Amino acid sequence: MTAHRPFTFRLALTLAAALVLPLCAQSAPSASIYVTQAGWGHLSLQGDRFELLATGSNGHSCVLDGARQGSVGDAGEGCKLQFKPLPGGRLEVLPASPSMDQACRMFCGARASFDGVYHPMPQGCEDEQRHARQAQGLQAYKAGRHAEAASRWAELERSCGVFMHWTESYALNNDRAVAAYHLGDFAACVALSRPVADDQQLQVFRETAPTDHDNLLPLLRAARFNLQRCSEKAAGKR
């Protein structure tokens, strides 16, 4: 929030745009963009092509793309992926055979993997749509319409939160905490700030994942500030 810079901080992190893939005609999924829970994997299906981006810890990632035929995508270099349909329109993504596992790992950093269940992207949750909804909340906040901002951000969390990367989710929590503060809902502000202000997680990142540590640090500092202010207000202090 530019109007209250010390009180909140939005870390802009864009996971390369969501990506995904169609299967054969008789089993082609209705969606074309898929995402994992916690937002670490994005899959795009466009015609007979696929693109997949998965992010792991400490800035490591997997990037695979290529031609698709039926339920198999060919990333090249001896790596083929299987897109296995699951109930609810989901896809399980994995190497097409165990013998291709090593070839497919060549497309990944040491701390990243693409294997997992990919869900159809919910309406309103693609990257551009989420960013527009975040911006609408920010516009309302800057105009002093704190209840509207809180409502817009809460709805964004309800509809898209399970598919957000942790950096985006934490930034949204900080924004929601600020709105709650201005509405006098100090208990909600505390509840939103506490998960982000996790010193133990910061210590783990400091020791094992310095890039993640650097991403978390400004978010954690903002959450600490929010937590202190709102805790004092909730306790009746000035």
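How many nonpolar, polar and charged residues are in the lining of the largest cavity? Here are some notes on this predicted model, starting with that one.

1. By class, the lining of the largest cavity is made of 7 nonpolar, 3 polar and 2 charged residues. The space inside comes to about 60 Å³. Its lining counts 12 residues, and V35, H42, R130, F163 and M164 are the closest to the centre. Searching the whole structure gives 2 cavities of 30 Å³ or more.

2. R130 turns up again in helix α2, where it is buried. This helix covers residues 127-142, 16 residues in total, and spans 22 Å from first C-alpha to last, close to the 22 Å expected at 1.5 Å a residue.

3. The buried residues of α2 are D127, R130, R133, Q134, G137, A140 and Y141. They sit on the same side of α2 because they cover an arc of only 160° around the axis. An α-helix has 3.6 residues a turn, so residues three or four places apart point the same way. On the face turned away from the buried side you will find E128 and Q139, which are exposed.

4. Now to the strands. β6 (residues 79-85) and β7 (residues 91-95) run antiparallel and are joined by 5 bridges; Q82 stands opposite L94 of β7. Their hairpin has 5 residues between the strands, and G88 adopts a positive phi near 80° there.

5. β7 also pairs with β8 (residues 116-120), again in the antiparallel sense, over 3 bridges. For E92, the bridge partner in β8 is V117.

Technical notes:
Residues are numbered from 1 along each chain as its sequence is written. This is a predicted model: local features need pLDDT of at least 70, side-chain atom pairs count only at pLDDT 80 or more; totals for chains, interfaces and linings use all residues. Side-chain values use heavy atoms; hydrogens and water are left out. On a 1 Å grid over the protein atoms alone, a cavity is a set of points where a 1.4 Å probe fits but cannot get out, and a pocket is an open set with protein on both sides within 12 Å along at least five of seven lines; lining residues have an atom within 4 Å of a point. Grid points are joined across faces, edges and corners, and a volume is the space filled by probe spheres set on the points. Ala, Val, Leu, Ile, Met, Phe, Trp, Tyr, Cys and Pro count as nonpolar, Asp, Glu, Lys and Arg as charged, and the others, Gly among them, as polar. Two strands pair if DSSP finds at least two bridges between them. Helices (H or I, at least four residues) and strands (E, at least two) are DSSP runs, numbered from the N terminus. The expected span of a helix is 1.5 Å times one less than its number of residues. Buried means under 20% relative accessible area, exposed over 50%, partly exposed in between (1.4 Å probe, protein chains only). The arc is that of the directions from the helix axis to the C-beta atoms.
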